[in-house]
Amino acid sequence: WRAWRWRWACALERTCRNMNGFVLAGVAIAAFAAGAALVSFRYERELRRMARFLDQREPTGNARMTAFVRTRGVLGIARGVNAELNELQDERIASQQARQAFQAGLTCLSHDIRTPLAGAQGYLQLVEDEADPAAKERYLSAAAHRLDDVRVLLDDLFSFAQVHDPSFEVAYEPVRPADVLGDVLAGLYPQFRERGWEPRVLLDDEAVVQADAEALARIFRNLTANALRHGAAAPVIEQRGGCVTFANLVADPAAIDIDRLFERFYQGGGARSSAGAGLGLAIVSQLAAALGATVAASLEGGVLRVTVELQ
């Protein structure tokens, strides 16, 4: 009896110890579950607050996302969102500035077009009241000159719109830059004669590149016209292989911002002129990019040098 009672007491003790372990384990599991639920609730509440911020924020506002749960994950989300918001704000400001600059340019361009048109109209009115044939001839010539200025402006505007058209494409073919440049210079001979200039031209007749002949001619024509309009002396034009350089002396080098030379509507010194709309070099830059070419400008010793490097 004593032996049996001893074995029973030991078994009972073991059973109690096991039951205590189960109880403690249950308590631990319950505590862990409660803690996990609390953490999950805090994360859920924080994520909902972040989502609400994104839904309700003003697109043009400066508000940024904050994090009340200071864990690496939540802080990382807030930093990432704020970086995107900063980038969007920078893009919006740049776009707004570009629109304002474009609108200002269009306003100036409309003035540039109206000025020669008004001048031509005035000369034609003088012709009606003039009896002297020689005077009439002078007035008609002056009117024609003003209308030619309008044609140049509209031609630049059309070309600028054309190269910015998403459907614009270039057609590559074997082209001799020397031949294209020669044709362009021959077409501009009257303008050189009017200014009393004889350009110095150095050509490499053997070079052949893959390019769009019409686009290349437009590049060369705009660069030559830029030298005629704004140069102080006859230009030096040199072509070696696919590299073509236009160099000309300028009257006021300090008035030229070389970093803005290829911007649309830019004119050195901020002066507007009926001789151009400030689109010629912007068109050169766009066409060069379409051809896979590079264009660069430098200003040294009063000489403006623009180089086109064809592939």
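**Exercise 1. Is phenylalanine 246 buried or exposed?**

Before we start: this is a predicted model, where local features need pLDDT of at least 70, side-chain atom pairs count only at pLDDT 80 or more, and totals for chains, interfaces and linings use all residues. Residues are numbered from 1 along each chain as its sequence is written, and side-chain values use heavy atoms, with hydrogens and water left out.

Solution. Start with the cut-offs: buried is under 20% relative accessible area, exposed is over 50%, and partly exposed is in between (1.4 Å probe, protein chains only). Phenylalanine 246 has a relative accessible area of 3%, so buried it is. Now try phenylalanine 220: at 0%, that one is buried too.

**Exercise 2. Describe how phenylalanine 220 and phenylalanine 246 pair up.**

Solution. Ring centres (Phe, Tyr, or the six-membered ring of Trp) must lie within 6.5 Å; planes under 30 degrees apart are stacked, over 60 edge-to-face, the rest tilted. The whole structure has two aromatic pairs. In this one, the centres are 6.1 Å apart and the planes 40° apart, which is tilted. Phenylalanine 220 sits in helix H6 and phenylalanine 246 in strand S5, so the pair ties together parts 26 residues apart in sequence. Helices here are DSSP runs (H or I, at least four residues), strands likewise (E, at least two), numbered from the N terminus.

**Exercise 3. Find the charge over the face of phenylalanine 68.**

Solution. Look for NZ of Lys or CZ of Arg within 6 Å of the ring centre and within 35 degrees of the ring normal.
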